[in-house]
Amino acid sequence: MRSTRFHLWIAGLLVFAALAAAARATAPPANAADLLPDAHEARVLVLGELHGTNEAPALAAAVVRQRLDAGLPVTLALEVHAAEQPRLDAFLASNGDDAARTALLRGDFWQVPAERSDGRRSVAMLALLESMQRFRAAGHDVRVLAFDAGNAAGGAPRRNQRMAAVLREAIARDPQRAFVVLAGNYHLRRVTPDRMGGLLSGESPPVPTMAHLADLTVFRVNVTARDGDFWACMGGACGPQPVGARGMWGGDEARAPSYRQTPEDAGRHDAQLMLPRFSVAAPVAVEP
């Protein structure tokens with residue numbers, strides 16, 4: 001009897017721990033795509049994120065799943081260096097086991113130490129790719145497109161131009177496919193801002209990726225939060241950063257997830273989804 005009571009006590013602790021963890025979780029639920037009520041019909045949906053959160057990749061997975069469930073073939077486009085494409089293809093075609101995951105993470109994209117990682121190489125991004133592998137294994141027509149050409153030879157302006165070219169070619173090549181694009185929120189802009197932080201004296205803000213695709217029909221949603229933290233490189237250091245004013249809009253409506261179209265801000269995005277809180281997704285720990 002004592003042994004039975006002990007095991008029941010342990011089981012109770014495990015249940016309590018699981019409930020506590022669930023209460024702390026801030027990632028969007030499985031039906032998170034329902035948070036975007038007028039984005040369902042968009043063939044090309046662009047989700048702008050602050051890198052390094054759990055919530056934005058979880059939302060992307062939910063949106064992809066929604067389109068797959070509707071019978072659409074889907075390409076998930078990620079701000080991952082194009083050199084990783086063969087590894088991504090191999091991972092989606094694999095059984096998703098430890099060996100497949102290790103092979104994926106051997107790519108140079110993932111081999112960046114945490115102190116230099118900008119939030120794109122996070123555990124949440126890996127979980128997003130694992131979701132895509134499971135969708136493929138279940139028989140869905142899903143692909144992942146790595147569309148980042150990197151900053152070499154021309155810096156950010158040339159990088160944005162090349163990323164736009166990769167997206168344009170993929171969208172034109174497969175007119176029957178739905179595209180879900182997850183990228184940093186600066187890339188959502190159709191209009192280049194007059195100024196931005198982090199530039200050297202005399203530098204101008206780079207033309208954003210979506211500005212190069214202004215002739216295409218895309219729906220752009222800025223995904224933000226009222227509170228919380230994300231992982232990014234700012235002020236010469238990489239690590240957790242507070243959301244701060246980035247998540248604020250007029251009013252106090254974001255205690256629950258809140259969505260609205262933003263025609264007054266069409267240069268930046270078509271709509272904005274504000275979640276109550278972001279949580280940090282740390283960089284994936286990889287073996288040297």
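I began with Leu 68, which sits in helix α2 (helices are DSSP runs of H or I with at least four residues, strands runs of E with at least two, numbered from the N terminus). The model is a predicted one, where local features need pLDDT of at least 70, side-chain atom pairs count only at pLDDT 80 or more, and totals for chains, interfaces and linings use all residues. Residues are numbered from 1 along each chain as its sequence is written, and side-chain values use heavy atoms, with hydrogens and water left out.

Is Leu 68 buried or exposed? I found 5% relative accessibility, so Leu 68 counts as buried (under 20% relative accessible area; exposed is over 50%, partly exposed in between, with a 1.4 Å probe and protein chains only). I then noted that Leu 68 and Asp 141 lie 73 residues apart in sequence, with their C-alpha atoms 7.5 Å apart.

Next I checked how α2 (residues 55–69) packs on α5 (residues 123–137): the angle is about 15° and the axes are 9 Å apart (axes are lines fitted to C-alpha atoms over the stretch in contact, with angles from 0 to 180 degrees between N-to-C directions). Therefore α2 is roughly parallel to α5 (angles under 35 degrees; over 145 is roughly antiparallel, 65 to 115 roughly perpendicular, the rest oblique).

**Strand β8**

My last stop was Leu 275, in strand β8 (residues 271–278). Leu 275 is buried too, with a relative accessible area of 5%. I put its C-alpha at 8.7 Å from that of Tyr 259, 16 residues away along the chain.
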